[in-house]
Amino acid sequence: MPEEHPTESPDPLERVLVALGAAAPDLDGIAMAEALWLAARMSAGPTDPPAGSPPERPPAARPEPPSVTRATADGPGTVPAREPHRPLHERLTGADVRITGSVVSAPPGAGLPLVAEVTRALRPWKRPWPRGRRAALDIEATVDGYARSGELIPVFRPAPERWFGLVLVVDRSPAMRVWQEVIDDITSVLDRLGAFRTLHVRELGFGREGPELRDGLGRVTGPGELRSPDARRLVIVVSDCAAPGWREPEIWRRIRSWSLTTPVALLNPLPPKLWRRTALDLPSVRVRPGAPGSDNPHLAFELPLLLPEIDSSGAGAGGWLPLPVLSTSPHSLDRWSRTLMRGEPEGCGAVLVPPDGRPQGRSRRSGDRVTVEGFLRTASPAAVQLAVLCAPFGRLSMGLLHLLREELVPHATLADVAELLTSGLFAIDAERDGPVELVVPEDVRVRLERELTVHELRRMDRALERADRVGRLPAVAYEPRGGGQYPAGERAFAHARRRTLELLGLPADDRPSPTERERAVDIPHGGRSVTDRPYFFLSYARTPAWEPGGGDPDHWIHAFYRDLCNHIYHLTDLPTGASAGFMDREMRSGEGWPEKLSENLATCRVFVPLFSPRYFTSQMCGREWYAFNERILRARAATGDPAGPAIVPALWTRVDAAQLPDSVRHLHIDGAEFGDRYASDGIYGLIKLNRLRDEYEEVVYRLARRIVEVAHTSPLPHSRPRAYENTPSAFRPRGTGPRHIRLIVAAPTRGSVPDDRDLRPYGESAQDWNPYHQESSRPLAAIAEDLVQSLDYRVTVSSFEDEPAHEAEIVSSEPKLSAPSILLLDRWALTDEERRDKLSAFDTHSPPWISMIAPWNRSDAQNHGENGRRLVEETERTLRLITGRGRHSDMRIAVNGVPTLNAFANVLPAVVAHATRQYLRHAEAHPPPGPNLPRPRLTMPGDNRGYDDPGFGEGGES
C-alpha cells in the first residue's frame, strides 16, 4: 500500500508553523511568534528616506566614493580587499553631499553620563509619606486585641505611600533643543526610580503674552495648575535659562508663585561657571533644611550683607524666596535630595527670587563668545578633547557628539558638553521639529585638526565596534550598489566591521580601499604629520616598593627621562607641546593605558631600553621589546633591506654579558663610548653621586644626541598598534635554559610546482617559498626565523624533503626531535604524490609537539574556488592527525589558513607557545650524559641503614 502523505495546507503561515513545530517541538506559541518576528525583521530591506527630507542639492564639495575591491576567483590578477569593513557616514538632513548606500541605525551614546550615580543620588526621594490614603493591616494591633479580648478583629491603619507626585517642566526654547537627548535620559531615570506617585511632563514656551505651559496634548494650561494645597507635588523646571524670555520678570513670577505652596527646583544642564552668562544671574545662597519635604518658603538661608530686604509677605528672609538650582552632576543632585528629604545640615545651592521676578538693573547680556585659541587655553580638558574630536566633521548631530563623548571621553560630563556648545565655536542648525545639527566653520575645523592625534582617530574608528544596543543614530553605510543616495556627512565617522554589519542586517563583503583609517594616518599639517610621534620610547623595569611609605622607587628613572627629553628639545625643532619621549609612569592605573602603550610603541622613532638585571626578568619589558622588534622585522620584510639601528640601549646598572637573553645578543652595546664610569656603574651610579654630576650630564647629552641621530638617519615607518594583552615576551622565563624550536618548510620548488601554478611564490629550494610576495620580498622561512628568535628561542630551519618519514628514523635523528617543531605547509605541496605520501607518514608518527601553520595568500586567485576547496580537503586527508590537534586547540586559524603576512606574524608566537607546552607535557626527560654515579647513602643518628636501603622506612621510625 503506498504511504499516505498529509495534504499540504495552502496557507503559507500554517506551513511555516508546521515546519517550525517539526524542527523544534519544544517551541510554544509565544516562542514561534518571536521567531517569526525576528525573521521578518532580519529580512527587511533598508528603509526609505524620511518624508520631508530636503531635496537633493548640488554638492559643494562632493567626496569621491571609496573604491571597492571585491574578492573573486574569476581568474588571475584579481586582488581581493584587505579588510572587511566599509565607511559609515552619519545621515544629516542639512548636509550638502549625498552618499550612495544603505540606511542603517548605529548605536547611540547616552545623553546623560553617570546614569547609575545619578540614580543613587535621587534615592532619598523614596522616603515614604507615613499616612497615606490606603489602609493596611496592622498586625501588631490585631494580635494585641486578640490577646486581650479573645476575638480576632482585624485592625487597619493608614499605609505609607510615595511622598510626591512629580511634574517635569521642560523648556522648549530653540536653544534647549541641543539638550533633547539629555532631557530624555533624565525623564527615563526619574521614571525608573520608582520614588514618585505620578510623573507628568509639561512644556514651557514663550509666546507674545509671556510664558505658556502646555500639557502632553499641546493644550495651554492655567498658571495655577502646578500649585499644590497639600505640598505633595514636586516641580522640577529644566532649562538653561538662555532664551530671551528668561530675562523678563514674568517667568520668575510664575516660578515664585509655584514655590509658595510646592517644592520647586531648577535643573540647569549648563555648568555652574556659565550660569552668570545666562538669565540665572540672581543672588545665590546656600539653603538649609526645614522639615522633610518642605516647600521653598520653609528653607532657611542667610541674606547676603549687601542685598536689601524686600517688604513682602509669604516669602523667605527679607521677602526673597529661595529656589534650589541643580546641575546634572550626581553630587549636586545628591546634595539637594539629602537636604530636602533627610535634613542634611550642609544644605544645597539656591538663587533668590524677589516678588517682582528679577532685581532691577540686571544685565541682559547673552553668552560671551571666545576665539578658538582662547577656548583651547581656558576650557576644561574634557571640553577641549571633545572639540578636537569633532574637528574632522564639517557637520555632526548631537547624537554623534554624545557618542564621541561616551566612547572616547568617558570622563566628560554634561558640563563639558555645555562648555563646548556655549563657546560659540560651532553654529547650531535646527529646523522646526527637525534634528539639531552642529556646523563646524572651516577656520575652526582647521585649527582644531592640528590638535588631533592618530591615536584618537583610531579610537574613533573603533567606536562602533560594540553594536550591542538598539541603534538610534541614523547613518548611511557606503555601498556602491546601494538602494539610494542620502544626505550624509562628507567624512566617515566610523567603519562598520563585519560583526556590526551582520547585526545591522547588511551584507559584509563590500570593502572600501583605501580605508579612512589609512587616509587619516598622514594628514598634512604645516609640513608635519599630525601623528604625534615621540622621538623615543623609554622601556624600564619597575622597581617594587620595599618599604611602605618610602616614596616612589622609580623617582631617579623619571628624573633621567626628564633630562633626556630636555636635551632632545634643544637638539630638535619640536614645537611646543609635542612629545619628545614616552614613559608610561603616569598611566599604569589609568583607563586605556594598554592602548596608549601599544600606540606609542607603533609610532615612536627610537626604542630606548634601560638595561638592568631586573629588566630581562620583566614580562612587561619583554612585551615592549617584542612589539618594537616585530615592527623592525616587518619593515625589513616589506623592503628586503636590513632595518636601521632603531634600538638604542642604555645601561641603568651594570649587566654581565651572560645575563643577556639570546634575543638581545645581536645588539652592540659599547659602554666605553660613554666613559668608564658609565660602563662600570651605569646611569644609576652616576645620578646618585653628586661628585659624578658632570659625567651624568655628559652621558645623557650623548645619549640624546644618539637618539636624534638614529631617528633622522634610520627612520622606521610606524605600524598598526599590536594588542598589548596578546603580545608575547621576548625574554624567556627566569630559571629556564636555552629554548629551541624547529621550523620545517613543506613547499614545492620552481622545478616541482604544477604546470598551471604561478611561479612567483617559489624559488630553487623549499626555504625560498614566499606566499606573501606582494607584501614582502623575503622568504617566509627567514621571516619566521627572525620572529621566533625575537621570542628568545634558538631556531633550526629545514626543508621537509630532508626530514625522516618514519618514527624510527625520527627518534634516531637526535637532536632533531629534542625541540618542539612547526610545519610550515604550502597546500600546493600536496599535488605531488610522493611528497603527499611522505607527509602522510610524517603525520602518522608525529608526536603531540609538532604543530602546523598553513599560510595562504588571499590575494592569490588560484587559492580560491575549486582549487582552494580541493587543496583544503587534501590537507585534511593527508595530515589528519596534525590538523585535528590544531582544530581542537586555540590554534584553529593556523591550520585553517593564515591569509596575510600580518596575520602570520600574529599567530606564529601563539603556535610557538602551544608547541612548547605540548613538548614540556609529553616529551620524555633524559638525564645529561656522564658517569652513572651510585645513589648517596644518608644515615640517621643511631641508625646503620641509609636512605637507599630497601628496608628503610618500613616499620619503626623513619
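The model is predicted. Its largest nonpolar core has 107 residues. Salt bridges number 28 in the structure. Strand S30, at residues 739–746, pairs with S31 and with S32.

**Strand S30 and its partners**

- Strand S30 spans residues 739–746 and is mostly covered. Seven of its eight residues are buried.
- S30 and strand S31 (residues 793–799) run parallel, joined by seven bridges.
- S30 also runs parallel to strand S32 (residues 821–825), with five bridges between them.
- Val745 has a bridge partner in each of these strands: Ser799 in S31 and Leu824 in S32.

**Nonpolar cores**

- In soluble globular proteins, nonpolar side chains tend to be buried together.
- The largest core here counts 107 residues. Trp125, Trp179, Trp246, Trp252, Trp336 and Leu401 have the most contacts inside it.
- Helix H9 (residues 381–389) gives this core its largest share, seven residues.
- Beyond its neighbours within four places in sequence, Trp246 touches a list of residues that includes Leu204, Phe206, Val237, Ile251, Trp252, Ile255 and Leu266. Asp171 and Arg358 are also among the contacts of Trp246.
- Another core, of 102 residues, lies apart from the largest one. Among its members are Tyr535, Cys604, Ile647 and Val911.

**Salt bridges within helices**

- Side chains of opposite charge can pair when their charged atoms come close.
- Glu117 forms a salt bridge with Arg120. The closest N and O atoms are 3.9 Å apart.
- Glu117 and Arg120 are separated by about one helical turn, because they are three residues apart in helix H3 (residues 115–121).
- Glu117 is partly exposed, at 31% relative accessible area. Arg120 is partly exposed too, at 43%.
- Glu442 and Arg445 meet in a salt bridge through their side chains, at 2.3 Å from N to O.
- Helix H12 (residues 442–449) holds both Glu442 and Arg445. They sit three residues apart, about one turn of the helix.
- Glu442 is partly exposed, with 48% relative accessibility. Arg445 is buried, with a relative accessible area of 11%.
- Glu874 and Arg877 form a salt bridge at 2.7 Å, N to O.
- Both Glu874 and Arg877 belong to helix H24 (residues 865–878).
- Glu874 is buried, with a relative accessible area of 19%. The cut-off for buried is under 20%, so Glu874 falls within that class.
- Arg877 is exposed, with a relative accessible area of 54%. The cut-off for exposed is over 50%, so Arg877 falls within that class.

**A salt-bridge network**

- Salt bridges with shared partners join five named residues into one network: Asp334, Arg335, Arg338, Glu344 and Glu346.

Conventions
Residues numbered from 1 in each chain as written. Predicted model: local features only at pLDDT ≥ 70, side-chain atom pairs only at ≥ 80, totals over all residues. Heavy atoms only, no water. Buried < 20%, exposed > 50% of the residue type's maximum accessible area, 1.4 Å probe, protein only. Helix = DSSP H or I, 4+ residues; strand = E, 2+ residues; numbered from the N terminus. Pairing = 2+ DSSP bridges. Core = buried A, V, L, I, M, F, W, Y, C linked by side-chain atoms within 4.5 Å. Contact = heavy atoms within 4.5 Å. Salt bridge = Lys/Arg side-chain N within 4 Å of Asp/Glu carboxyl O.
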